[in-house]
Structures are given as structure tokens and as C-alpha cells.
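This report walks through a few features of the structure shown below, beginning with a pocket and moving on to a helix and a single side chain.

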Amino acid sequence: YAETRSPWKLAKSAAESDKAVVRTSLATMAEALRVGVTLLEPVMPETRAKVAGLLADDETGSWSDRLQWGARLTDNKLGEAAILFPRPQTEKDPKSK
């Protein structure tokens, strides 16, 4: 979807129709992300909570209610970028010096 819509290209356009496509595309991708991480909640609750915070999702309703596609994110402002899955720190092997 993202590759087909290419909002990063359309965002450079001054045409109102292109701006509308950018808004719709980004809203659709944000909603897909919200629903996708809701599916992960049973196994990755912390990650789901982080993404909900970044999307300014109020997280109200039951789990099944949160799986409904809709306009829950309308007019929300995105939070600051965050690393969801940091690289694991590995100890250096003392023999490899």
C-alpha cells in the first residue's frame, strides 16, 4: 500500500488532490498500524502500549472494540519517534581482542 501510494512523493506536490491522497494514505497506514499492534497485545503488551502512546490512541474499549477499523486517530498528533525494539547488547569476547 505504502509503495503504491508513495506519499513521500505526493507530499512534494502543491496540488490539493495530491495533498488529500497524502492525508488519506497516512491516516490509513496509521490505522493499520494501530489495529496490527492491537493484535500483538496478548504477546507484546509493552510494545502495543508504546505504539498506542506514539499514535496518541486513548486505548479505550475492550480488546475486540479496539480491533475495529475506524477513525480513532482522527486529529491525533504523533508522539516523538521511539525505538520499539532496541538492539540487544552483546558482551565482547575477551579472546577476540
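The largest pocket has a volume of about 390 Å³, where a pocket is an open set of points on a 1 Å grid over the protein atoms alone at which a 1.4 Å probe fits, with protein on both sides within 12 Å along at least five of seven lines. Its lining comprises 18 residues, and Arg23, Leu26, Ala27, Ala30 and Leu73 lie nearest the centre; a lining residue has an atom within 4 Å of a point. Helix H3 gives the most to this lining, with 8 residues. The classes divide as follows.

| Class in the lining of the largest pocket | Residues |
|---|---|
| nonpolar | 10 residues |
| polar | 4 residues |

The model is predicted, with local features needing pLDDT of at least 70 and side-chain atom pairs counting only at pLDDT 80 or more, while totals for chains, interfaces and linings use all residues. Residues are numbered from 1 along each chain as its sequence is written, and side-chain values use heavy atoms, leaving out hydrogens and water.

In helix H4, which spans residues 45-55, Thr47, Arg48, Val51, Ala52 and Leu55 are buried, that is, under 20% relative accessible area with a 1.4 Å probe. These residues lie on the same side of H4, because they cover an arc of only 135° around the axis. They pack against helix H3 (16-40) and helix H5 (63-66). Just after H4, Ala56 takes a positive phi of about 55°.

Arg66 is found in helix H5 and counts as buried because its relative accessibility is 8%. Leaving aside residues up to four places away in sequence, Arg66 touches several residues, among them Arg34, Glu41, Arg48, Glu59 and Arg72, contact meaning heavy atoms within 4.5 Å.

How values were computed
Buried means under 20% relative accessible area, exposed over 50%, partly exposed in between (1.4 Å probe, protein chains only). Helices (H or I, at least four residues) and strands (E, at least two) are DSSP runs, numbered from the N terminus. The arc is that of the directions from the helix axis to the C-beta atoms. Grid points are joined across faces, edges and corners, and a volume is the space filled by probe spheres set on the points. Ala, Val, Leu, Ile, Met, Phe, Trp, Tyr, Cys and Pro count as nonpolar, Asp, Glu, Lys and Arg as charged, and the others, Gly among them, as polar.
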